[in-house]
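Open the model in your viewer and keep the selection panel at hand. The stops below go from the chain contact to single residues.

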Amino acid sequence: MVKSLSKKIYLYLIFFFLYAPILILIVFSFNGSKSRAHWTGFTLSWYGQLFHDQQILTSLYNTLIVAVISSLFATVIGTAAAIGISRMRKLPKAMIINVTYIPVLSPDIVTGISLMLLFVFLHIPLGFITMLMAHITFNLPFVILAVLPKLKQLNSQVFDAALDLGATPMYAYKKVILPEIMPGVITGFLLAFTLSIDDFVISFFTTGSGFSNLAITIYSMARRGIKPEINALLTLMFISILLLLLLVNYRMSKDTKNKA
Amino acid sequence: MKRFFSAVSLFLALLIIVFSAAITTGCGSNGRTIKVYNWGDYIDKSVIKSFEKQYGINVVYDEFANNEEMYAKIKAGALDYDVLVPSDYMIKRMTNEDMLYKINFDNIPNYKYIDDRFKNLGYDPKNEYSVPYMWGTVGIVYNSTMVKEPVNSWKILWNPKYKKQILMLDSQRDSIGITLKMLGYSLNTKDQKQLEEAKQKLIEQKPLVLAYVGDQVKDQMIGNQAAMAVVWSGDAIYMMRENKDLKYVIPKEGSNIWFDSMVIPKTSKHTADAELFINYMCDTQIAYKNADYIGYSTPQTEAKKLLPKELTSDKTAYPDEGDVKNSEVFEDLADSLPLYDKIWTEIKSK
């Protein structure tokens, strides 16, 4: 009895710490005053202003575009790389995997500044393209590391069997290998997508004039105080992600029911 | 297979959209363009639109959060901005490193509106590189329901009566600076003994301090969570509007008086258009709009007259010369910077 109660308390505490900040943010997106210190009444005006704030909307658009393209690119390149790595011999394989880990472990600021110096050195004007390339770069290892375990689980003879049965190598990859490692690929894609949306440091150093994402825009407000429109925007983002998750879960449970 | 193809075609379609967008924004108006790099939320955005309309010059406008970041990007040669708005000490550093263009003041007739007190200051002694945009002071904001005695000296921040009710700025230059001022020294001192004394004072003060804070100081003071705090005047105006019990003073020992000024980096290829922009920002109506939106103090004398009386007569926003006669502008510390860094680390780690 005591044990199950303490278990419950533990669980609720974890959820409390995870979601309390988000809840507070949602509540304050309806606050009449600009200050977070006191509640001065319910308002929807921040939501109205949000849709008139060109700067915030442009940064949101930029963030999403960079996130979608960079995670797609990283997923394609990363999956191909993972398939290649899994077929290597032991020593080079271990070496490549270690090299893949280095960017994951090195601090963002190192990656950001070194990429900036590289772009400056190559005379590529900083802007959308450089930020996109930077995002693809830091997303790549995460995709590779998400796909590799799935390849390890895969029976290596499945591919040979497909070839024996008359499939061309390309056809066998598409029909046999890819479906098997799909969960890993999707994990990699989602990981890359969230990392890209989150990133501030690398984006800051690799973007140029006229192109900034949401993280940069919010951070630049630090001195004057974060605008309450940001609370409204983050609330909307949180709700859309929640809806998306509910939808996915609903469809998955329907699928399993149909199968059963 | 079908699904694979639709995924690929979707991907290609996206690519095309994005690249076409990138191309059209890249060489949009074939006319003139200038690039401006300013602090976040530090302009009335309608001003940019009206400038574009009046002169047919396209403005690319970006924002940064602190001087050092801006400096790092410009120094690496990564950016091609035409107008920057750094603070005083950063302007000094950039002139020392020969990064700024000498402005042709013939192209900035509106410079005559800038208050003469704000010309020829330490960071730009001959007025060659910068035009002031906003200015302010550092002082103490206190809650008059919690602090009954008169506040006129930095010493009150060391009064044990207010244990755990004092908020300090999490900024080494400001915190060490006001301590030096309290001790009667210059806040630009490079003297090791004076700095050592300031360090001891700050360590002594530490048990009294509730927290070293940044932006959240505003919410904490408005929410009555502390009795007093060291703040920038611009923030004080906002806090006093939200909480009527708050008062602001510039202590009698003097304080820091700061400027954010417009400069043109040497790398700019559109210096004439940049000067046009700077001149426009000093126009009376435009400077008024900006000061009204931001709430900080404008150095433009005519614009100040347009602002509401209760703001301009408020010594928080517009202290007169007597109030700031002991105050100093930050100078670049150059070789002494590591010493300040070291002292600050020692204080914070105690």
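How many residues does the contact take from chain A and from chain B? It takes 27 residues from chain A and 27 residues from chain B. Two residues are in contact if their C-beta atoms, placed from the backbone, lie within 7 Å.

Some ground rules before you click on. This is a predicted model, where local features need pLDDT of at least 70, side-chain atom pairs count only at pLDDT 80 or more, and totals for chains, interfaces and linings use all residues. Residues are numbered from 1 along each chain as its sequence is written, and chains are lettered from A and ligands numbered from 1 in the order in which they are written.

**Stop 1: the chain A side**

Stay on the side of chain A that touches chain B. Select α3, α5 (108-121) and α10 (214-220) of chain A: each supplies at least two residues to that side. Helices are DSSP runs of H or I with at least four residues, strands are runs of E with at least two, and both are numbered from the N terminus. α3(A) gives the most, with 4 residues. Now colour the side of chain A that touches chain B by residue class: 13 residues are nonpolar, 9 polar and 5 charged. Here Ala, Val, Leu, Ile, Met, Phe, Trp, Tyr, Cys and Pro count as nonpolar, Asp, Glu, Lys and Arg as charged, and the others, Gly among them, as polar.

**Stop 2: α3 against α6 in chain A**

Select residues 54-86 and 128-153 of chain A, which are helices α3 and α6. Their axes are 6 Å apart and meet at an angle of about 40°. Axes are lines fitted to C-alpha atoms, for helices over the stretch in contact, and angles run from 0 to 180 degrees between N-to-C directions. That angle makes α3(A) oblique to α6(A). Under 35 degrees counts as roughly parallel, over 145 as roughly antiparallel, 65 to 115 as roughly perpendicular, and the rest as oblique. The contact of α3(A) with α6(A) has 18 nonpolar residues, 8 polar and 1 charged.

**Stop 3: the domains of chain A**

Colour 54-226 as domain 1 and 230-260 as domain 2 of chain A. These bounds come from an automatic or database domain assignment. The centres of the two domains, taken over C-alpha atoms, are separated by 24 Å.

**Stop 4: chain B as a whole**

Switch to chain B. Its C-alpha trace spans about 70 × 60 × 45 Å along its principal axes. Count 13 helices and 9 strands. Of the 350 residues in chain B, 39% are buried. A residue is buried if 20 or more other C-beta atoms lie within 10 Å of its own, exposed if 12 or fewer, and partly exposed in between.

**Stop 5: V131(B)**

Zoom to V131(B) in strand β4 of chain B. V131(B) is buried, because 26 other C-beta atoms lie within 10 Å. Beyond its neighbours within four places in sequence, its contacts include I108(B), Y111(B), S261(B) and C282(B).

**Stop 6: two positive phi values**

Most residues other than glycine have a negative phi. Select D41(B), where phi is positive at about 55°. D41(B) sits in the loop between β1 (32-39) and α2 (45-55) of chain B. Finish at K164(B), with a positive phi near 60°. K164(B) lies in the loop between β4 (130-143) and β5 (166-169) of chain B. Buried or exposed? K164(B) is exposed, with 11 other C-beta atoms within 10 Å.
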